[in-house]
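Keep the sequence and the 3D view open while you read.

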There are 2 protein chains.
Amino acid sequence: MAEDLRDKLGAQHLPLRDQVLAALRTAIIDGDYLPGERLTEDRLAEDFGVSRNPVREALRVAEAEGFVVVLPRRGAVVASPSSGTITDMFAVRERLETLAARLAAERATATDVAALRALLDQGREATQRQDLARVAELNSTLHLRILQISGNPWLSSIAKSLYLHVQWVFRLGAAQRAPHSWAEHIQLVDAIESGDGDRAEQAALAHLDAASAAAYENAEGGYGAR
Amino acid sequence: MAEDLRDKLGAQHLPLRDQVLAALRTAIIDGDYLPGERLTEDRLAEDFGVSRNPVREALRVAEAEGFVVVLPRRGAVVASPSSGTITDMFAVRERLETLAARLAAERATATDVAALRALLDQGREATQRQDLARVAELNSTLHLRILQISGNPWLSSIAKSLYLHVQWVFRLGAAQRAPHSWAEHIQLVDAIESGDGDRAEQAALAHLDAASAAAYENAEGGYGAR
DNA sequence: AGATTGTTCTTCGTATACACTTTGTCCGGA
DNA sequence: TCCGGACAAAGTGTATACGAAGAACAATCT
């Protein structure tokens, strides 16, 4: 795994710290680094085939984003999402993504809507093929796209970060609600296309409530907190 | 007493990068570094009397928080808030701080309320003394305290970051609305004390609308372009 | 056993070096 | 005079090494 990452990182020429950050995020989200796992700088530097400096800079951002917790003089460990943080995250998402849906409804151009519909089609197709990974990916893309259409950079960047965390928590809970939620997505895109802000907000709320309920069901199993 | 010692020992040591970050933030908010100004690593390192490494790590976080913009291979410049970002920020704050007010109303203990009332008193006093700087400071403390009482770390940290930005924009516009807004604060704390979530949310909304309107008036003067 | 003392691991900060980009400047030629 | 390109300067991006301090753990001593 370390070799794969190293090869990939070496190939591109973005700043190393950004590549490390991206790799670190996905490694955490994918569960390659498990909650509570200790992330020493040397270890990460070796895993990614870079020196400690880019690693440190990436760790600071990962800390600000809440993926890792840094203990003073002890270094970083992967954050441990508790069921409490799930509740908190959904409470914030409810406020933010409903706003995003409203703004998207008010501002979406014909091209925007067409792009969303295209994602919807691909999603339906992937669902039929039982390609769950692809469905999950399209799911993300759809949500992120709506955020982008909202045209509010603050909203977009904050909600995106939250969304990544939700993905992480879901993955940890082994939830695969994606196909089930596709119908809600269609409602949402319909509402956005209609240009009706209230309706879009309502659709987003319904979607989030369902997702939240599903998250709770999966959380029943319990995470190994701390 | 044992706790006192632990708090002292643990809290005493602040990593240099955090000190640099704090200093950088306040320097930007206070207008010591003006929007568009170039921030070379060497210059910052010298200004703060540290080496480049802590500066770089602080810069990454400042970038994530939106205080600086980093141009690839060119380094960092202080971000330039436009009137567009003001609108966007208030749209998000409206969703977030109303939620915070509701949660605070639902969860505030007697001690929490007492602390808020104490801030209110100090604020009234400072207003009488015409000590505007102190009023502004108490203003911040009050808002941050409410966020903390909400008990949602995500909400708290996101809204805090937004709040710092608003302070910045206000300072740039030379707005001193603080004394004027104090009456709204009293309403808000009253609502939180009552435990009525709807009422608290309403009070927060009224406060934000007034602040937003004031921000716009000041923005008329015009900020540098996007 | 319990407390004390080392030892080790790791972070944190510093310093230094160097490649590579971008930028700015200067100089010669049309 | 103006243009264009070589050339130098500035600054980032990255690596490496070293020392100091803190935390955790093992070994030792009373």
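This is a predicted model: local features need pLDDT of at least 70, side-chain atom pairs count only at pLDDT 80 or more; totals for chains, interfaces and linings use all residues.

Chain B can be laid on chain A with an RMSD of 0.3 Å. The contact between them takes 20 residues from chain B and 19 residues from chain A. Surfaces near DNA strand C and DNA strand D draw on helices of both chains.

**How the two copies are related**

- Two copies of a chain are related by a rotation about an axis and a shift along it.
- Here the turn is 180° and the shift along the axis is 0.1 Å.
- The two copies are thus related as by a two-fold rotation axis.

**The contact between chains A and B**

- Chain B puts 20 residues into the contact, and chain A puts in 19 residues.
- On the side of chain B that touches chain A, the elements that give two or more residues are α4 (52–65), α5 (83–107) and α8 (153–172) of chain B.
- Of these, α5(B) gives the most, with 7 residues.
- By class, this side of chain B divides into 13 nonpolar, 2 polar and 5 charged residues.

**Helix α5 of chain B**

- Does the span of α5(B) agree or disagree with its number of residues?
- At 1.5 Å a residue, the 25 residues of α5(B) should span 36 Å.
- The end C-alpha atoms of α5(B) are 35 Å apart, which agrees.
- α5(B) also has a kink of about 30°.
- The kink in α5(B) is centred on R93(B).
- An α-helix has 3.6 residues a turn, so residues three or four places apart point the same way.

**The surface near DNA strand C**

- DNA strand C is surrounded by 17 residues.
- The closest are T40(A) and G75(A) from chain A, with P15(B), L16(B) and N53(B) from chain B.
- At least two residues of this surface come from each of α3 (41–48) of chain A, α2 (16–29) of chain B and α4 of chain B.
- The surface near DNA strand C divides into 6 nonpolar, 4 polar and 7 charged residues.

- α4(A) gives the most to the surface near DNA strand D, with 3 residues.
- By class, the surface near DNA strand D has 5 nonpolar, 4 polar and 8 charged residues.

**The sheet of chain A**

- Strands of a sheet pair through backbone hydrogen bonds, either parallel or antiparallel.
- Chain A has an open sheet of 3 strands in the order β1-β3-β2, with antiparallel pairing.
- Its edge strands are β1 and β2 of chain A, and each pairs on one side only.
- β1 (residues 38–39) and β3 (residues 75–78) of chain A pair over 2 bridges.
- R38(A) has V77(A) as its bridge partner in β3(A).
- β2 (residues 68–71) of chain A is joined to β3(A) by 4 bridges.
- Across that pairing, V68(A) has V78(A) as its bridge partner, and L71(A) stands opposite G75(A).
- β2(A) and β3(A) form a hairpin with 3 residues between them.
- In the turn of that hairpin, R73(A) has a positive phi of about 65°.

**The sheet of chain B**

- Chain B also has an open sheet of 3 strands in the order β1-β3-β2, with antiparallel pairing.
- Which are the edge strands of chain B? They are β1 (38–39) and β2 (68–71), each pairing on one side only.
- β1(B) and β3(B) pair over 2 bridges, and R38(B) stands opposite V77(B).
- β2(B) and β3(B) pair in the antiparallel sense over 4 bridges.
- β2(B) and β3(B) form a hairpin with 3 residues between them.
- R73(B), in the turn of that hairpin, has a positive phi of about 65°.

Key
Residues are numbered from 1 along each chain as its sequence is written. Chains are lettered from A and ligands numbered from 1 in the order in which they are written. Two residues are in contact if their C-beta atoms, placed from the backbone, lie within 7 Å. Ala, Val, Leu, Ile, Met, Phe, Trp, Tyr, Cys and Pro count as nonpolar, Asp, Glu, Lys and Arg as charged, and the others, Gly among them, as polar. The expected span of a helix is 1.5 Å times one less than its number of residues. The bend at a residue is the angle between axes fitted to the seven residues ending there and the seven starting there. Copies are superposed by least squares on the C-alpha atoms of residues with pLDDT of at least 70 in both. A residue is near a molecule or strand if its C-beta atom, placed from the backbone, lies within 6 Å of it. Two strands pair if DSSP finds at least two bridges between them.
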